[in-house]
Amino acid sequence: VSGGLVRDPAVAQGLATLLDAPVHVFDEAESTLLGVARLAMGIDPFAAAEAECVAPADAGAYLRDKFRRWESWMRGILAA
């Protein structure tokens, strides 16, 4: 993940916990632009990209239940 939101460590940690998988946070302000430029040049878009790996943690486990409630609520809205 990258972008302004991941500058807040709680966002990356929350994603890792919700996905129950490690999340790699790229410290690149213009990651989309850089990725497109690399693709246009035929270079691997992730080449030489340094990332911090954030592992799932119990501290955000409440987010899983919160997500399930939100998902149920959304399904109800979309079904109407």
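Helix H3 gives the nonpolar patch its largest share, five residues. Helices here are DSSP runs of H or I with at least four residues, strands are E runs of at least two, and both are numbered from the N terminus. The coordinates come from a predicted model, where local features need pLDDT of at least 70, side-chain atom pairs count only at pLDDT 80 or more, and totals for chains, interfaces and linings use all residues. Residues are numbered from 1 along each chain as its sequence is written, and side-chain values use heavy atoms, with hydrogens and water left out.

Back to the patch. Val1, Leu15, Leu18, Leu19, Phe67, Trp70, Trp73, Ile77 and Leu78 make up this nonpolar stretch of surface, about 890 Å² in area. To join a patch, a residue needs over 30% relative accessible area and no salt bridge; nonpolar side chains (Val, Leu, Ile, Met, Phe, Trp, Tyr) are joined within 5 Å, like charges within 9 Å. A salt bridge puts a side-chain nitrogen of Lys or Arg within 4 Å of a carboxyl oxygen of Asp or Glu. Areas are Shrake-Rupley values with a 1.4 Å probe, and for residues only the protein chains shown count as cover. At least two patch residues come from each of H1 (9-19) and H3 (62-79). Leu18, a residue of H1, is partly exposed at 37% relative accessible area (buried is under 20%, exposed over 50%, partly exposed in between).

Asp20 is exposed, at 55%, and has a positive phi of about 55° despite not being a glycine. Most residues other than glycine have a negative phi.

Leaving aside residues up to four places away in sequence, Arg38 touches Ile43, Asp44, Pro45, Phe46, Ala47 and Ala49, a contact being heavy atoms within 4.5 Å.

As for the whole chain, three helices and two strands run α-β-α-β-α from the N terminus. The radius of gyration is 16 Å, well over the 12 Å that the globule rule gives for 80 residues, so the protein is more spread out than a compact globule; the radius is taken over C-alpha atoms, and the rule is 2.2 Å times the number of residues to the power 0.38. The C-alpha trace spans about 45 × 35 × 20 Å along its principal axes, and buried residues make up 15% of the 80.

Notes. Buried < 20%, exposed > 50% of the residue type's maximum accessible area, 1.4 Å probe, protein only.
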